[in-house]
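Dear colleague,

I am passing on the structure we spoke about, and below it I have set out what was found. Please read the notes with the model open beside you.

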Amino acid sequence: MNKSFSLTLAAFAGLLAALPASAQLLINGAGATFPAPIYQKWFDEFTKVDSSVRINYQAIGSGAGVKQIMAETVDFGASDDPVKDTDLAGAPRPLLQLPTVAGAIILSYNLDGNPKLKLDGPTIAGIYLGKITKWNDPAIAGQNPDVKLPGDDILVVYRTDGSGTTANFTKYLSEVSPDWKRTVGAGKSVRWPSGLGGKGNAGVAGQIKQTPGAIGYVEMTYALQNGLPFADVKNAAGNYITPGIDTVVAAFASAKVDDQFRFSMINGSGDKAYPIASSTWLLVYAQQKDSAKGKALVELLRWIYNSGEHLLPDPGYVPLPPEMIQRALGVVDQIKY
């Protein structure tokens, strides 16, 4: 066999090896960092069901996810803050938002010994307003008489990117603190009075982990992944609640869902409801331009609601109530491709 024929065979073999990868249908998504770990798990599992599809998800924050789906640079967006009617009206064609999972936004901190703390809303707001600056401040010590608190400075950590987690956390602060509502307010991005920024839930968790005396708000999964302690938070009924599956489920009970699947779980009225809980949404167009991608996207959404939800519970995530899953499946069936 001559050298040129050998090279031709090698090139042909390389081409054959590349065919399966090139034949895969790529679906691109971007947005919220909160659901990124469970989404990655779901997407990996779905590709075992349909190996012809690959899903690429970029966890870049809710604000960026909404912008990208509006600009049609991705096939789906993701946001921890439901999109308002005025913003939906700016989409090039009808845009659907579908809830997927819920979880707790927790207050995590870096203190020697990882003590279990209790915090109420006014104290959390005071810390983020820069009015409570020491860990042994009476406002914290009074709620934690059995904890030996240091006199160290408190370093506040917050999100620097447009974030649904920030939107829900600042919504909570606005409900429990008139001072916060008047001076800072709620939104995906706000002007923080003080502190240190981190990008995404992972960035905030990383800053807390490496900074003694730090406190920050993250979705629970990221605290668990980093071995960080987190506080029990006093709810609207006056009870200190540990974030977890049961207490997020309890927060669902007071949520009022509109026809666009918008709802809030913040500061719910239930005795056992964790007060800083939120859901997360996928954003998809009702009319898909690419028929192959549209078909695959619908199959993915059906799989999430029929099978993915059953991969939960996970310590950081809570599945949707069964009636909401059925309602979401009805909307998925209306997507055209």
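Helices (H or I, at least four residues) and strands (E, at least two) are DSSP runs that are numbered from the N terminus. The model is a predicted one, in which local features need pLDDT of at least 70 and side-chain atom pairs count only at pLDDT 80 or more, while totals for chains, interfaces and linings use all residues. Residues are numbered from 1 along each chain as its sequence is written, and side-chain values use heavy atoms, with hydrogens and water left out.

On a 1 Å grid over the protein atoms alone, a cavity is a set of points where a 1.4 Å probe fits but cannot get out, whereas a pocket is an open set with protein on both sides within 12 Å along at least five of seven lines; lining residues have an atom within 4 Å of a point. Grid points are joined across faces, edges and corners, and a volume is the space filled by probe spheres set on the points.

The structure holds two cavities of 30 Å³ or more, and the largest cavity has about 40 Å³ of space. Strand S12 (276-285) and helix H7 (164-176) each supply at least two residues of its lining, and S12 gives the most, with three residues. By class (Ala, Val, Leu, Ile, Met, Phe, Trp, Tyr, Cys and Pro count as nonpolar, Asp, Glu, Lys and Arg as charged, and the others, Gly among them, as polar), this lining has four nonpolar, four polar and two charged residues.

The second largest cavity has about 30 Å³ of space, and strand S4 (95-109) and helix H11 (245-252) each supply at least two residues of its lining. That lining divides into seven nonpolar, three polar and one charged, and the residues include Met-220, Asp-314 and Tyr-317.

As for open spaces, the largest pocket has about 190 Å³. Its lining divides into two nonpolar, three polar and six charged residues, and among the lining residues are Glu-72, Asp-75, Arg-93, Lys-289, Asp-290 and Lys-293.

Turning to the helices, the axes of H12 (residues 291-306) and H13 (residues 322-332) come within 10 Å and cross at roughly 170 degrees, where axes are lines fitted to C-alpha atoms, for helices over the stretch in contact, and angles run from 0 to 180 degrees between N-to-C directions. Angles under 35 degrees count as roughly parallel, over 145 as roughly antiparallel, 65 to 115 as roughly perpendicular and the rest as oblique, and H12 and H13 are therefore roughly antiparallel to each other. In their contact (heavy atoms within 4.5 Å), Val-298, Leu-301, Arg-302, Tyr-305 and Asn-306 of H12 meet Ile-325, Ala-328, Leu-329 and Val-332 of H13. The residues of this contact divide into seven nonpolar, one polar and one charged.

Finally, rings of Phe, Tyr and Trp (its six-membered ring) pair if their centres lie within 6.5 Å, with planes under 30 degrees apart counted as stacked, over 60 as edge-to-face and the rest as tilted. The count by this rule comes to 18 aromatic pairs. For Phe-46 and Trp-303 the ring centres are 6.1 Å apart and the planes stand at 65 degrees, so the pair is edge-to-face. Phe-46 lies in helix H2 (residues 36-49) and Trp-303 in helix H12, so this pair ties together parts that are 257 residues apart in sequence.

With best wishes
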